[in-house]
Amino acid sequence: MFKLVILVSAVTCALAAVVPEDPSPQIEGRIVGGNEGNINQYPYLVSVQRNGTHICGGSIYSNKIIVTAAHCLQNVWTNELRVRAGSSTWNSGGILYYVYSYRNHEDYNPTTMENDVAVILLSTILSFSTTIAKIDLTYYGPLNGATGTVIGWGTTSFNGSISDHLRYTAVTIISPTQCGSSAYRYGSTIKSNMFCASAEGKDACQKDSGGPLIYNNFLIGIVSWGYGCAYSGYPGVYTDVAQMRSWIMKNAITV
């Protein structure tokens, strides 16, 4: 599936769906097999919205900068965008912020999904509280076998409806070398600035793209792409934040 794995909404994906033979990146992402959470647990999570509809997740980097996926912002006008922060539901509560500008990584490749990262500059400063807070970027690459948490409002099944309430699930991190090996089905489509994560019956799903994968209270991954939801042999694929750290920090200043 050309799915950008954006944070996941939880519920098991239809495993009977047909999986493409050609493992090209599929832009869809959502949380499958997870639980409902509260924004107090994940105050750095935001809903990126276009014309009043949730399209992607995002993470608060500073009081004016949101980190998300580049594929979320393709062919989008700034005046169409809003960011809701401080709410467990994407469509109400919290505070809805206008967007001043955004910047996609200049080397983002929509065919290979390399460098799938973007920063959003808000028009006004975020008011930090127990429900709105920033998260630090990781310094280190993904640790193979570690357990991370992915969060979002994505669909609760493949091609299903998005979740009104945020959901989260635990997934096991898979290094790019391991994910590109014969143990999985992606092969050479896994690039060095990506990594994977999955667990049996758990995954990111549609409309979770751009959302965070968290490990030890650091942002380590951005939901990017994958095939289907929780398909065997096709874990969710994430942008490696450690490799994007310098770009994010530089462009958070210049966006």
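1. Start at the hairpin that links S3 to S4 through four residues. Strand S3 covers residues 53-60 and strand S4 covers residues 65-68. Strands here are DSSP runs of E with at least two residues, numbered from the N terminus. S3 and S4 run antiparallel and are joined by two bridges; Ile60 has Ile66 in S4 as its bridge partner. Two strands count as paired if DSSP finds at least two bridges between them.

2. Before going further, a word on what we're looking at: this is a predicted model, with local features needing pLDDT of at least 70 and side-chain atom pairs counting only at pLDDT 80 or more, while totals for chains, interfaces and linings use all residues. Residues are numbered from 1 along each chain as its sequence is written, and side-chain values use heavy atoms, with hydrogens and water left out.

3. How much of S3 is covered? Seven of its eight residues are buried, where buried means under 20% relative accessible area, exposed means over 50%, and partly exposed lies in between (1.4 Å probe, protein chains only).

4. Now zoom out. S2, S3 and S4 belong to a six-stranded barrel that closes in the order S2-S3-S4-S7-S6-S5, with antiparallel pairing. Neighbouring strands of this sheet are turned by 45 degrees against each other on average, direction ignored. For those angles, axes are lines fitted to C-alpha atoms, and values run from 0 to 180 degrees between N-to-C directions.

5. Arg84 takes Leu96 in S6 as its bridge partner. As background, strands of a sheet pair through backbone hydrogen bonds, either parallel or antiparallel.

6. Asn115 is not a glycine, yet has a positive phi of about 55 degrees; it lies in the loop between S6 and strand S7 (118-122). Asn216 has a positive phi too, near 55 degrees, and its place is the loop between strand S12 (212-215) and strand S13 (218-225).

7. Are these two asparagines buried or exposed? Asn115 is buried, at a relative accessible area of 15%, whereas Asn216 is exposed, at 55%.
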